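Have a look at the model first, then read on.

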Amino acid sequence: MGKYKLIFLFLLPLSLSAQFVEFGGGLGVSHYTGDLNGVPRLDQSKLAGTGIYRLNFSDIVSFKFAFTAGSISGNDRRPVDALGENRQYEFKHNFLELSGVFEYHFMSYRSEKYKNKWSPYAFFGLGFVKLNNTSTAYEDYQRVQPVLPMGGGVKYMLSKRLTLAGELGARKTFFDYLDGISDGDQSIKNYQYGNPNDKDWYFYSGISLTYVLYKIPCPFPYIPNKSILNRIRAY
């Protein structure tokens, strides 16, 4: 229960200081780079989805919580080096990601003072990914790994409450076994190993739609009637 209390204590001041909140979801694609793929390959992109809860502190800064589910895959059909030509390995894993990122908007697109309804933005934060559907080779590794989400995109206000966004995001891992290939016994000529110093990355790119819930301040703040209070105290 201790970790949940810490999360609650972290979220409470953020929620109280937010001007308004958003919630929504999105669809996109995920892919990876590592020992099998030197660069993201469109032909190995997999469908992914995300749920979003965003706290907006101003027209410029916001904090987004996201839960993302998808899959990543790779193979040596187009090897990036001589090792891949002999390895002929492939994999496919499902993943679940929970993340929190700060977003910085380069234009004040929500302000009533300006007419622009869009803004580019950048984000950076911290997350955790859980790998599913892995082989027995992963028994010596933790399936939950920390990641650093980063990237950017563009937001556009469809209306006062609806916002459309498109983003490109990368996840830096501290793990070289995302694809199941890492260090190995090179004296065994089965070529089932890679570069352990080259940590794996995975990516999520997509579009999302969010709905804004504005905080409505009370137009008539309560002012206590001093004469009534004095009568109560007199009794």
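Strands here are DSSP runs of at least two residues, numbered from the N terminus. Keep in mind that this is a predicted model.

Let's start on the outside. Twelve names make up a nonpolar surface patch: F23, Y53, W118, V154, Y156, L158, L162, L164, I207, L209, Y211 and L213, with about 1,100 Å² of accessible area together. Strand 6 (144-157), strand 7 (162-173) and strand 8 (201-214) each give two or more residues to the patch, and strand 8 gives the most, with four.

The whole structure holds two cavities of 30 Å³ or more.

| Cavity | Volume | Nonpolar lining residues |
|---|---|---|
| Largest cavity | about 140 Å³ | nine |
| Second largest cavity | about 40 Å³ | four |

Among the 18 residues lining the largest cavity, T50, I52, K64, E167 and Y204 are closest to its centre. Strands 2 (46-56), 3 (61-75), 4 (90-105), 5 (118-132), 7 and 8 each supply at least two residues of that lining. The second largest cavity is lined by V129, L131, R143, Q145, T173, F175 and L178.

Finally, an open space: the second largest pocket has a volume of about 190 Å³. Ten residues line this pocket, with R110, S111, E112, M157 and K160 closest to its centre. Its lining splits into four nonpolar, two polar and four charged residues.

Definitions and conventions
Residues numbered from 1 in each chain as written. Predicted model: local features only at pLDDT ≥ 70, side-chain atom pairs only at ≥ 80, totals over all residues. Heavy atoms only, no water. 1 Å grid on protein atoms, 1.4 Å probe; cavity = no way out; pocket = protein on both sides within 12 Å on 5 of 7 lines; lining within 4 Å. Points joined across faces, edges and corners; volume = space filled by probe spheres on them. Nonpolar A, V, L, I, M, F, W, Y, C, P; charged D, E, K, R; others polar. Patch = residues over 30% accessible without salt bridge, like charges linked within 9 Å, V, L, I, M, F, W, Y side chains within 5 Å. Areas by Shrake-Rupley, 256 points an atom, 1.4 Å probe, with all protein chains shown as cover. Salt bridge = Lys/Arg side-chain N within 4 Å of Asp/Glu carboxyl O.
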